[in-house]
Structure formats: C-alpha cells, structure tokens
Amino acid sequence: MKQDKEKVRIAIAQFSILEGDKKANLFKALTYIHSAADKGAELVLLPEMFLTGYPINIPMVELAEPMEGESIQGIRNVARELKIAVIGSYPEWDAEGRCSYNTAFFIGAVSYTHLRAHETVLDLVCRLLLE
C-alpha cells in the first residue's frame, strides 16, 4: 500500500552554549531560529538546556524560569511571527518556584511541555532540602 507522506524541513541548531549566560544563549537561539526560517525550515531543534547549559558554579535554581518567563516567551513570539515550530529544553521552575526541572518544550501550532523524570544531582538536593 502506497502512503503519501508530507515532508517537513527540519533545522538543527548546534551552537556553543555559554554556561549560565541566558541573555547570550537566547540571542544565539533566536538568531538560529531566524536563519532556519529564512532557509525554509518548518521546525528547529535547539540544543538541550540551550538557555543555560549545565553550569557547575551556578545553582540551577538561580537560572530557572517559569514557562511564562521572558526567555521562553521570546522564543514563542519569534516562532509565532516566523510561523516556525521550535523544540528545546531549559531549566523551569516548579509550581512553587523552589526547584528546577529540565523541561522539554514544543512551541508551534500547539504548545507542549514535559518535565523530565530524570533528576540531576542539584534537583535531588533541592527536593531533599525542601521535604
């Protein structure tokens, strides 16, 4: 049986992440998203923890943001403007704003987030201190 499959052009943004420098990393991500859209991509994949990397000298809870935070809203606004979908992950605050998670997100026609089940050592310490 022959199936007609629609093709999707995907761009992979691979860049050096400056650990803990959210402003610089967001600028890089937005630049790659613009470049991908200019080249006809419909979906761009950002590096894991593109916003902060995995810094060892800065507690992740100091870098985390809510989904409605400035950085992800910036990604969402550009994606909407350029009509491109974006997948990435970043440190997200929990509902109480006390611990962070490596949250994967999909921003497109429908937005979706997923809290990763695997804790980092910092996540574990945070959880244990708050219990």
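**Entry 1: a starting point**

Where is Lys83 found in the chain? I looked, and Lys83 sits in the loop between α3 and β3; helices (H or I, at least four residues) and strands (E, at least two) are DSSP runs, numbered from the N terminus. Before going on, I noted that this is a predicted model, in which local features need pLDDT of at least 70 and side-chain atom pairs count only at pLDDT 80 or more, while totals for chains, interfaces and linings use all residues. Residues are numbered from 1 along each chain as its sequence is written, and side-chain values use heavy atoms, with hydrogens and water left out.

Back to Lys83: its phi is near 55 degrees, a positive value in a residue other than glycine. This residue comes just after α3. Lys83 counts as exposed because its relative accessibility is 72%; I take buried as under 20% relative accessible area, exposed as over 50%, and partly exposed as in between, with a 1.4 Å probe and protein chains only.

**Entry 2: the whole chain**

I counted 4 helices and 5 strands. Along the sequence they follow the pattern β-α-β-α-α-β-β-β-α. Of the 131 residues, 39% count as buried. I then turned to contacts, meaning heavy atoms within 4.5 Å. Among those between residues at least 6 apart in sequence, 62% join residues at least 24 apart.

**Entry 3: helix α3**

α3 has 13 residues and reaches 18 Å from its first C-alpha to its last. That is close to the 18 Å expected at 1.5 Å a residue, where the expected span is 1.5 Å times one less than the number of residues.

Which residues of α3 are buried? I found Ser71, Ile72, Gly74, Ile75, Arg76, Val78 and Ala79. Several of these positions are three or four places apart, a spacing worth a reminder. An α-helix has 3.6 residues a turn, so residues three or four places apart point the same way. The cover over the buried residues of α3 includes α1, β3 and β4.

**Entry 4: α1 against α3**

I checked how these two helices lie. Their axes come within 11 Å and cross at roughly 10 degrees; the axes are lines fitted to C-alpha atoms, for helices over the stretch in contact, and angles run from 0 to 180 degrees between N-to-C directions. α1 is therefore roughly parallel to α3, given that angles under 35 degrees count as roughly parallel, over 145 as roughly antiparallel, 65 to 115 as roughly perpendicular and the rest as oblique.

On the α1 side I listed Leu26, Ala29, Leu30, Ile33, His34 and Ala37, and they meet Ser71, Gly74, Ile75, Val78, Glu81 and Leu82 of α3. The residues of this contact divide into 8 nonpolar, 3 polar and 1 charged. Here Ala, Val, Leu, Ile, Met, Phe, Trp, Tyr, Cys and Pro count as nonpolar, Asp, Glu, Lys and Arg as charged, and the others, Gly among them, as polar.

**Entry 5: the largest nonpolar core**

Next I looked up the largest nonpolar core, which has 23 residues. A nonpolar core is a set of buried Ala, Val, Leu, Ile, Met, Phe, Trp, Tyr and Cys residues joined through side-chain atoms within 4.5 Å. Which members touch the most other members? They are Ile33, Val44, Leu46, Phe50, Ile75, Val86 and Phe105. α1 (22–38), α3 (70–82), β3 (85–93) and β4 (100–107) each supply at least two residues of this core. α1 gives the most, with 5 residues.

Leaving aside neighbours within four places in sequence, I found Phe50 in contact with Phe15, Ile17, Asn25, Ala29, Ile72, Ile75, Ser89, Tyr90 and Phe105.

Two of those partners got a closer look. Ile72 lies in helix α3 and counts as buried because its relative accessibility is 0%. Not counting residues up to four places away in sequence, Ile72 touches Phe50, Glu65, Met67, Tyr90, Phe105 and Ile107. Ile72 and Tyr90 are 18 residues apart in sequence and 8.8 Å apart in space, C-alpha to C-alpha.

Phe105 is in strand β4, and at 2% relative accessibility it counts as buried.

**Entry 6: the loop between β2 and α2**

Is Met49 buried or exposed? Met49, which lies in the loop between β2 and α2, is buried, with a relative accessible area of 2%. Its phi is near 50 degrees, a positive value in a residue other than glycine.

Thr52 is found in the loop between β2 (43–45) and α2 (60–63). Thr52 is buried too, with a relative accessible area of 0%. Beyond its neighbours within four places in sequence, I have Thr52 in contact with Ile17, Leu18, Glu19, Gly20, Lys22, Asn25, Met60, Leu63 and Pro91.
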